[in-house]
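Here's a quick briefing for anyone meeting this structure for the first time. Have a look at the chain, then read on for the charged pairs, the annotated domain and the nonpolar cores.

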Amino acid sequence: MTGEQSAKAFAASGPIVLIGAGNMGGALLTGWLKNGVPGSSVIVVDPNPAEAMRKMIADAGASHVTEVPKGVTAGVLFIAVKPQLMDAVLPPFKPLVGETTVVVSIAAGKTLSALETHLGKAAMVRAMPNTPAMVGRGVTGAFANARVSDGQRQLVQNLLKVSGPVEWVPGEADIDSVTAVSGSGPAYVFYLVECMAEAGRKLGLQADLAMRLARETVAGAGELLHQSPDDASRLRQNVTSPGGTTAAALGVLMAEDGMQPLFDEALEAARKRAQELAG
């Protein structure tokens with residue numbers, strides 16, 4: 001993408017105002033700047049960003065403020081603060097929301113109606129990224145309300161996809177299911193590594209060796225899945241020889257009381273909790 005194309009891809013009616021430059025907000029900001037968002041078009045609002053983040057903001061020519069900027073109408077108001085802080089943080093930002101502003105929230109469990117309570121009626125997108133966004137390998141589920149124009153939706157798509165693919169869902173309630181599958185999903189994979197390593201230790205391997213084997217296996221399998229045109233079931237079958245060791249293990253994992261019912265229960269618990277948090 002040329003510089004001119006990048007500028008067009010991220011062109012907004014006003015500055016991109018990012019509230020919160022922590023792990024997720026910082027990861028997105030890094031992606032924006034690397035992908036051609038002009039630093040001069042970004043205002044970062046954070047009372048105490050990390051020193052490395054301060055330097056990146058300054059080097060990019062972006063603005064950093066610790067309080068709500070005055071006399072600004074945001075093109076995009078991007079909310080990346082913890083959900084429990086939103087009720088206290090958001091009300092002073094209402095003056096930044098104008099007729100052409102699109103509000104984007106990546107706060108888990110906060111509905112668009114909750115945002116409207118603080119910011120008024122506006123074009124709004126509720127998004128759920130996940131932590132691999134910090135290395136540019138995340139995936140984000142997103143829902144746009146009826147006030148979001150086609151142009152605003154494309155702009156938000158461009159801003160979110162710097163950290164990985166974006167999947168739009170037809171209803172806001174679907175975000176709770178997205179949270180259960182991909183928002184919380186990295187933790188399930190990390191726990192899989194823990195379980196594999198512990199099982200290896202019980203088989204007699206040194207604990208650190210078992211952990212290295214499990215970690216690299218899961219990371220490598222993920223990369224193979226990423227690069228391969230085959231779906232997960234085909235890749236699984238490619239590893240599985242009839243009557244072999246993999247088949248013996250999968251006979252346990254794929255039994256009627258194996259992994260699938262556990263995942264069904266776990267993801268339903270995650271979705272229910274997301275619904276509870278949303279009120």
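**A quick tour**

Let's start with Glu 116: this residue is buried, at a relative accessible area of 18% (buried is under 20%, exposed is over 50%, and partly exposed is in between, using a 1.4 Å probe and protein chains only). Keep in mind that this is a predicted model, where local features need pLDDT of at least 70, side-chain atom pairs count only at pLDDT 80 or more, and totals for chains, interfaces and linings use all residues. Residues are numbered from 1 along each chain as its sequence is written, and side-chain values use heavy atoms, with hydrogens and water left out.

**Salt bridges**

- There are eleven salt bridges in the structure, each being a side-chain nitrogen of Lys or Arg within 4 Å of a carboxyl oxygen of Asp or Glu.
- Glu 116 pairs up with Lys 121 at 3.3 Å, N to O, and while Glu 116 is buried, Lys 121 is exposed, with a relative accessible area of 61%.
- Asp 59 and Lys 55 form another salt bridge, with their closest N and O atoms 2.7 Å apart, and both residues are exposed.
- That pair sits in helix H3 (residues 51-59), four residues apart, or about one turn of the helix; helices here are DSSP runs of H or I with at least four residues, strands are runs of E with at least two, and both are numbered from the N terminus.
- Arg 271 bridges to Glu 268, with the closest N and O atoms 2.9 Å apart.
- Arg 271 and Glu 268 are three residues apart in helix H12 (residues 259-278), so about one helical turn separates them.
- Arg 271 is partly exposed at 29% relative accessible area, and Glu 268 is partly exposed at 38%.
- Shared partners also link Glu 116, Lys 121 and Arg 147 into one salt-bridge network.

**Annotated domain**

- An unreviewed UniProt entry lists residues 172-277 as "domain: Pyrroline-5-carboxylate reductase dimerisation"; positions follow the numbering used here, feature names are shortened, and annotations may be inferred rather than shown by experiment.
- Across residues 172-277, the chain is 80% helix and 0% strand, and the end C-alpha atoms lie 14 Å apart.

**Nonpolar cores**

- The largest nonpolar core has 35 residues, and Leu 29, Trp 32, Val 76, Phe 78, Val 125 and Leu 159 touch the most other members; such a core is a set of buried Ala, Val, Leu, Ile, Met, Phe, Trp, Tyr and Cys residues joined through side-chain atoms within 4.5 Å.
- Helix H2 (residues 23-34) supplies the largest share of this core, five residues.
- A second, separate core of 27 residues includes Ile 43, Ala 107, Leu 112 and Phe 143.
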